[in-house]
Amino acid sequence: MADAVDARRVCGMPEKAQLHVAMLALQFGYAGFHVVSRLALNMGISKLVFPVYRNIIALFLLVPFAYFLEKKDRPRLTLGFAVQFFFLALCGITANQGFYLLGLDNTSPTFASAIQNSVPAITFGMAAALRIEKVRLDRRDGVAKVLGTLACVAGASVITLYQGPTIFAPTAGDDKPSLQEVPFLAAVAGEGKNWTLGCVYLIGHCLSWSGWLVLQAPVLKKYPARLSVTSYTCFFGVIQFLIIAAFFERDAGAWVFHSGSEVFTILYAVSIY
């Protein structure tokens, strides 16, 4: 028994501590993702080209692992499963990433990060409405979930409908570079955009992300190969984005990388997939 416990330790760290460290690292990664994505948009990367390349690279990285690691666990692909994967992609990739980039382009990385905190509350509300999650108001944890959900929704509503006074705004002096001259400052500031429209897009992003999380549960019960589900979802997401890009992205030059920074932003986005 002691050997089994020691086997789950990494650098002397207990398993629970490892999970907390992993989640903390993921949150730092997401924080960087918001800024890097905004930098990509500021550099002129198309809001349709960015997710296409991101999902294509992610698909090529996922497929080998899904194929070899889940050979025995992967059920046969049927038309019913294909339709479910298509709608998972529509909700979790196309709508999710599309609304996110549109919202981020009109707000700021800080706001996008803040409003994403409402995703767990929205997910709980959807799961409860679909009877996937039980609401136990006779227990403390059930009451805490409901109160937490209401608090998250109220907070998201406040930051969406009310824009308070500016606390910090980088300004350009005589000897200081302007926001346009420093892409990082421009990315953080989020100036010159339609803030209200960006809020609407980000709410759509949170709703689609939550819907994707809720819809995954019944699919994974029938198709328990997680990597394969992700790969199929990613594949259909690429197809959907390519179809949309064929209609709305007519500039062939938008598909060409003009600097290593553009490549880095996409690769970083893939790492936080």
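**Getting to know a predicted model**

Author: Welcome! The protein chain exposes about 16,400 Å², and carbon and sulfur atoms supply 67% of that area. Please keep in mind that this is a predicted model.

Reader: How many helices and strands does the protein chain have?
Author: There are 11 helices and 0 strands. Read along the sequence, the pattern is α-α-α-α-α-α-α-α-α-α-α.

Reader: What share of the protein chain counts as buried?
Author: Of its 273 residues, 36% do. The cut-off for buried is under 20% relative accessible area.

Reader: Why does Leu 90 count as partly exposed?
Author: Leu 90, which lies in helix H4, has 37% relative accessibility. Buried would need a value under 20% and exposed one over 50%, so with 37% Leu 90 counts as partly exposed.

Reader: What does Leu 90 touch, not counting residues up to four places away in sequence?
Author: Leu 90 touches Ala 95 and Gln 240.

Reader: What makes the nonpolar patch on the surface?
Author: Leu 242 forms this patch together with Phe 235, Ile 239, Ile 243, Phe 247 and Phe 248. Their accessible area is about 620 Å² together.

Reader: Which residues of the largest nonpolar core touch the most other members?
Author: Among its 21 residues, they are Phe 50, Tyr 100, Ile 115 and Leu 202. Helices H2, H4, H5, H6, H9 and H11 each supply at least two residues of this core, and H9 gives the largest share, 4 residues. Apart from it lies another core, of 11 residues, including Ala 82, Phe 85, Ala 225 and Phe 236.

Reader: What does Tyr 100 touch, not counting residues up to four places away in sequence?
Author: Tyr 100 touches Phe 33, His 34, Ser 37, Ala 95, Ala 112, Gln 116, Leu 202 and His 205.

Reader: What share of the contacts with a separation of 6 or more comes from residues 24 or more positions apart?
Author: In the protein chain, such residues account for 85% of those contacts.

Conventions:
Residues numbered from 1 in each chain as written. Predicted model: local features only at pLDDT ≥ 70, side-chain atom pairs only at ≥ 80, totals over all residues. Heavy atoms only, no water. Buried < 20%, exposed > 50% of the residue type's maximum accessible area, 1.4 Å probe, protein only. Contact = heavy atoms within 4.5 Å. Areas by Shrake-Rupley, 256 points an atom, 1.4 Å probe, with all protein chains shown as cover. Patch = residues over 30% accessible without salt bridge, like charges linked within 9 Å, V, L, I, M, F, W, Y side chains within 5 Å. Salt bridge = Lys/Arg side-chain N within 4 Å of Asp/Glu carboxyl O. Core = buried A, V, L, I, M, F, W, Y, C linked by side-chain atoms within 4.5 Å.
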